[in-house]
Amino acid sequence: MTTPLSLSGLDLPRRNGELAFDAPWQSTAFALAAAVIEHAFGGDREPFRQQLIKAVAAEPDRPYWESWTAALEALVPTLPERSTP
Amino acid sequence: MSNSPHHQAPMSPVERRVAALEALLTERGLVPEGFIEQITRRYESETGPMNGAKVVARAWLDPRYKQRLLADGTAAIAELGFGGPEGDHMVVVENTAAVHNVIVCTLCSCYPWPVLGLPPAWYKDPPYRARMVREPRALLAEMGCPLPEEVEIRVWDSSAEARYLVLPGRPPATGGMTEAELAALVTRDSMIGVARL
């Protein structure tokens, strides 16, 4: 009954007349970082934040959510191994 | 096994990269079912400047709350039920007749999500991040917030240790207003510090 929602089908509301995300991939990237912070680093934002700082510094004029995506990609190889029960 | 997307429109390179990340992180068990939708919904419709506005209105009406807010932002904001990612280490800075505060994050556009929602586009842009530090008075004037020379401007650069929220000054002639009426006057920009009320 609960089929996975396609984000592209969501009608995203506007706040202050401004859309927070310009495209579904941006909100996905945002949520993926939240997932990694919460589920891989136990709520510690710092590993992601450090990658984001590097990604922004590497290409200051790159659109923000693209730097965000690059930061996430750089973080993946550093993810702590999960012990599967 | 196959990670075929549900929609068939051709994907841009960055969309492909995000889809690959989603597949990889899901495979590693880091993205529970429904998590992305839940986060998106939370930040698109349940979290936003209306949260910060409630905090500000409460502080205007309740001097003891204001005292707690300025002493320990995270705890006082949590009293109203707002917290979570990017909501810890909250520092609330108060505007007065003599001091105007404005927030920026020069390194990575940190932002107090639980009380302001997602940052506006200009907050994340290099010109804002660079100029608010270098020439805040000129930039504030350009953004429609000119300040008299005698008002001191304090620029607060977010860090891992601190995330800032501006407590704007209460507008004149709002004496008899309720908390809800006051909250309706508080704008996002006034809590970033690029506008006065």
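Predicted model: local features only at pLDDT ≥ 70, side-chain atom pairs only at ≥ 80, totals over all residues.

Mentor: Of the 85 residues of chain A, 35% count as buried. Chain A has three helices and zero strands, in the order α-α-α from the N terminus.

Trainee: What makes A:Ala40 count as buried?

Mentor: A residue is buried if 20 or more other C-beta atoms lie within 10 Å of its own. A:Ala40 has 21 other C-beta atoms within 10 Å, so A:Ala40 is buried. A:Ala40 sits in the loop between helix 1 and helix 2 of chain A.

Trainee: Which residues does A:Ala40 touch, not counting residues up to four places away in sequence?

Mentor: A:Leu79, A:Pro80 and B:Leu30. A:Pro80 is 40 residues from A:Ala40 along the chain, yet their C-alpha atoms are separated by 6.6 Å.

Trainee: How many residues of chain A are in contact with chain B?

Mentor: 37 residues of chain A are in contact with 36 residues of chain B. On the side of chain A that touches chain B, helix 1 (24-39), helix 2 (46-58) and helix 3 (64-75) of chain A each supply at least two residues. Helix 1 of chain A gives the most, with eleven residues. By class, that side of chain A divides into 21 nonpolar, seven polar and nine charged residues.

Trainee: Which residues meet where helix 3 of chain A contacts helix 1 of chain B?

Mentor: From helix 3 of chain A come A:Glu66, A:Thr69, A:Leu72 and A:Glu73; from helix 1 of chain B come B:Val14, B:Arg17, B:Val18 and B:Leu21. This contact has four nonpolar, one polar and three charged residues.

Trainee: Why is the crossing of helix 3 of chain A and helix 1 of chain B called left-handed?

Mentor: A crossing is left-handed if the near helix is turned anticlockwise from the far one by less than a right angle. The axes of helix 3 of chain A and helix 1 (residues 13-27) of chain B come within 11 Å and cross at roughly 35°. The crossing is assigned as left-handed.

Trainee: And chain B itself?

Mentor: Chain B has eleven helices and four strands. Of its 197 residues, 39% count as buried. Its C-alpha trace spans about 65 × 35 × 30 Å along the principal axes. The domain assignment gives domain 1 (13-45) and domain 2 (48-192) of chain B, and the C-alpha centres of these two domains lie 30 Å apart.

Trainee: Which residues of helix 8 of chain B are buried?

Mentor: In helix 8 (residues 126-134) of chain B, they are B:Tyr128, B:Arg129 and B:Met132.

Trainee: How do you know that the buried residues of helix 8 of chain B line one face?

Mentor: Seen down the axis of helix 8 of chain B, its buried residues fall within an arc of 100°, so they line one face of the helix. An α-helix has 3.6 residues a turn, so residues three or four places apart point the same way.

Trainee: What covers the buried residues of helix 8 of chain B, and what is on the face turned away?

Mentor: The cover includes strand 2 (99-104), helix 7 (121-124), helix 9 (136-142) and strand 3 (152-157) of chain B. The face of helix 8 of chain B turned away from its buried side carries the exposed residues B:Pro127 and B:Arg134.

Definitions and conventions: Residues numbered from 1 in each chain as written. Chains lettered and ligands numbered in written order. Contact = placed C-beta atoms within 7 Å. Nonpolar A, V, L, I, M, F, W, Y, C, P; charged D, E, K, R; others polar. Buried ≥ 20, exposed ≤ 12 C-beta atoms within 10 Å, placed from the backbone. Domains from an automatic or database assignment. Arc of directions from axis to C-beta. Axes fitted to C-alpha atoms, helices over the stretch in contact; angles between N-to-C directions.
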